Amino acid sequence: MEEIGFLGLGIMGKAMTMNLLRHGFKVTVWNRTLSRCDELVEHGATIGETPAAVIKKCKYTIAMLSDPAAALSVVFDQHGVLEQICSGKGYIDMSTVDAETSSKISEAITAKGGHFLEAPVSGSKKPAEDGQLVILAAGEKALYEAALPAFDVLGKKSFFLGQVGNGAKMKLVVNMIMGSMMNAFSEGLMLADKSGLNPLTLLDVLDLGAIANPMFKMKGPSMIQSSYPPAFPLKHQQKDMRLALALGDENSVPMPVAAAANEAFKKARSMGLGDLDFSAVHETVQSSKGSS
Ligand SMILES: NC(=O)C1=CN([C@@H]2O[C@H](COP(=O)(O)OP(=O)(O)OC[C@H]3O[C@@H](n4cnc5c(N)ncnc54)[C@H](OP(=O)(O)O)[C@@H]3O)[C@@H](O)[C@H]2O)C=CC1
Ligand SMILES: O=CCCC(=O)O
């Protein structure tokens, strides 16, 4: 697995590729906005002009794309993955998408003799930079095993969850919980502030109790300052809430808390906050600060 293709150099793809390069992998990269490849080339990557060109060159290719539409487009459009995938080649989609999207891609790839693994990740920009992601793989077990040398560099733990779709579903469940927690946390910070408490003291109290967690600890101080540098873009969190709610619909699971959190993320998007970190949902509570 020393030579890998990588499609999608956003926040996550760039960090993951840098990490692979640092660990001696030869990586051929492609990004829709090709200029984003330049920095990776400075660190030793090679450019593929199209997804098809990357697949042609590499035995294994990883994708890290924004959403289902992007994941499908890179596979099915002209000069896409399908044009060159064939027997002996593996395609590993690490984007967060729904199970249906992943299955469509899997069917198309395997119909051409290729091998497919979905492998969405838990963990954000910093864990991606540090090789500390949690990898939620599903699909072809042999490809999972072939990918382990790369997964060992990218992550601190990999799970193999069985058939295609299970990785996507696990990821959506995790992010649904995270999005709901973020909204409760935002309201708590505001409630502390409005009721005359110091929100920084609230962070200390939370950190010592049963609901201590890295997300509150890491995001809390900047949220109090209304600063939201993007690690996990809010538009992607809202996409994940939407996809998780659809999974809830399919399985008749009532999710009123997640539905309310989704509304808050939608409101934040309508306020133009989609490209900021998902913690910017705090602004939806802040925006009612002045009201009595
Ligand atoms: N950021 C995070 O903390 C985490 C993100 N994820 C998931 O990982 C995926 C990537 O996230 P992240 O890196 O943050 O996202 P970014 O928005 O930073 O990057 C998105 C990438 O997708 C590409 N893209 C978007 N639309 C298309 C399209 N139609 N065709 C081809 N390429 C397209 C972008 O290309 P271009 O540069 O041209 O716009 C870019 O390379 C998402 O599914 C996200 O939910 C998972 C875990 C953590
Ligand atoms: O999908 C994004 C997950 C972000 C995180 O796990 O911190």
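Helix α1 has 12 residues and spans 17 Å from its first C-alpha to its last, close to the 16 Å expected at 1.5 Å a residue. That expected span is 1.5 Å times one less than the number of residues. The model is predicted: local features need pLDDT of at least 70, side-chain atom pairs count only at pLDDT 80 or more, and totals for chains, interfaces and linings use all residues. Residues are numbered from 1 along each chain as its sequence is written, while chains are lettered from A and ligands numbered from 1 in the order in which they are written.

**Helix α1**
- Helices (H or I, at least four residues) and strands (E, at least two) are DSSP runs, numbered from the N terminus.
- Buried residues of α1 include M12, K14 and L20; buried means 20 or more other C-beta atoms, placed from the backbone, within 10 Å of the residue's own.
- G24 follows α1 and has a positive phi, near 90°.

**Ligand 1**
- Among the 27 residues around ligand 1, G10, R32, A70, S124 and F232 come nearest.
- Near means that the C-beta atom, placed from the backbone, lies within 6 Å.
- Domain 1 (3-162) and domain 2 (169-286) both give residues to the shell, so ligand 1 lies between them.
- The domain bounds come from an automatic or database domain assignment.
- α4 gives the most to this shell, with 4 residues.

**Strands β4 and β5**
- β4 (residues 60-63) and β5 run parallel, joined by 4 bridges; strands pair if DSSP finds at least two bridges between them.
- A63 stands opposite D93 in β5.
- On β5 (residues 90-93), G90 and I92 are buried on one side, Y91 and D93 on the other.

Note on methods: A residue is buried if 20 or more other C-beta atoms lie within 10 Å of its own, exposed if 12 or fewer, and partly exposed in between; C-beta atoms are placed from the backbone.
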